[in-house]
Amino acid sequence: TRDVDSRLPLFTAAAESLRWDNMERIYDNNKPAIYEVDASTGLSLFMLAAVGPTSDIESVYNLLRQNPADPVIDFKRWARTRNMDSRLPLCTAAAESVRWADMKYIFDYYM
């Protein structure tokens with residue numbers, strides 16, 4: 001069940017940097033969530049767990065071990081994530097009158 005931010009419980013635990021001994025119980029009850037991405041950030045579960053100075057390396061390791069990610073796919077997924085204005089990166093670049101060469105780079109590599 002998702003919370004008010006559309007996050008699954010496992011993603012909430014990762015965002016709060018829970019230690020693995022606590023997160024493991026949540027993981028065991030929500031295993032299919034390992035294949036999802038965070039609704040707020042577009043990050044994979046292990047990436048979300050790695051963010052911040054209080055992240056638990058054991059949680060990051062175990063989450064990554066459960067679902068080895070392709071970093072290129074994850075980066076492209078992140079690049080397609082909408083920003084605070086609900087715009088995709090290419091739309092944001094166009095709205096900010098970014099040079100064509102930079103827009104072409106965004107299009108070619110992220111879309």
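Author: One term to begin with: buried means under 20% relative accessible area, exposed over 50%, and partly exposed in between, with a 1.4 Å probe and protein chains only. By that cut-off, buried residues make up 29% of the 111 residues in the chain. This is a predicted model, where local features need pLDDT of at least 70 and side-chain atom pairs count only at pLDDT 80 or more, while totals for chains, interfaces and linings use all residues. Residues are numbered from 1 along each chain as its sequence is written, and side-chain values use heavy atoms, leaving out hydrogens and water.

Reader: How many helices and strands are in the chain?

Author: Seven helices and zero strands. Along the sequence the pattern reads α-α-α-α-α-α-α. Helices (H or I, at least four residues) and strands (E, at least two) are DSSP runs, numbered from the N terminus.

Reader: Helix 2, then. Which residues are buried there?

Author: Trp20, Met23 and Tyr27 are buried in helix 2. They cover an arc of only 65° around the axis, which puts them on the same side of the helix. The arc is taken from the directions from the helix axis to the C-beta atoms.

Reader: And what is exposed on the other side of helix 2?

Author: Arg25 and Asn29.

Reader: Changing topic to charge. Which residues gather in the negative patch on the surface?

Author: Asp21, Glu24, Asp28 and Glu58. A patch takes residues with over 30% relative accessible area and no salt bridge, joining like charges within 9 Å and nonpolar side chains (Val, Leu, Ile, Met, Phe, Trp, Tyr) within 5 Å. Asp and Glu count as negative, Lys and Arg as positive, and His and the chain ends are not counted.

Reader: Which helix gives the most to it?

Author: Helix 2 (residues 20-29), with three residues. Glu24 is found in helix 2 and is partly exposed, at a relative accessible area of 34%.

Reader: How many salt bridges does the structure hold?

Author: Two. The term means a side-chain nitrogen of Lys or Arg within 4 Å of a carboxyl oxygen of Asp or Glu. In one of them, Arg7 pairs with Asp38, with the closest N and O atoms 2.8 Å apart. Arg7 lies in the segment before helix 1 (9-15) and Asp38 in the loop between helix 2 and helix 3 (45-50), so the pair ties together parts that are 31 residues apart in sequence.

Reader: Is Asp38 buried or exposed?

Author: Buried, at 3% relative accessibility. Arg7 is buried as well, with a relative accessible area of 17%.

Reader: What does Asp56 form a salt bridge with?

Author: Arg19, and there the closest N and O atoms are 4.0 Å apart. Asp56 sits in the loop between helix 3 and helix 4 (57-66) and Arg19 in the loop between helix 1 and helix 2, so this pair ties together parts that are 37 residues apart in sequence. Asp56 is buried, at 11% relative accessibility, whereas Arg19 is exposed, at 51% relative accessible area.

Reader: How far apart are the C-alpha atoms of Asp56 and Glu16?

Author: They are separated by 9.9 Å, with the two residues 40 apart along the chain.

Reader: Last one, backbone. What is the phi of Ser17?

Author: Near 55°, a positive value in a residue other than glycine. Most residues other than glycine have a negative phi. Ser17 lies in the loop between helix 1 and helix 2 and counts as buried, at 13% relative accessibility.

Definitions and conventions: Accessible areas come from the Shrake-Rupley method with a 1.4 Å probe; for residues, only the protein chains shown count as cover. The place of a charge is taken as NZ of Lys, CZ of Arg, CG of Asp or CD of Glu.
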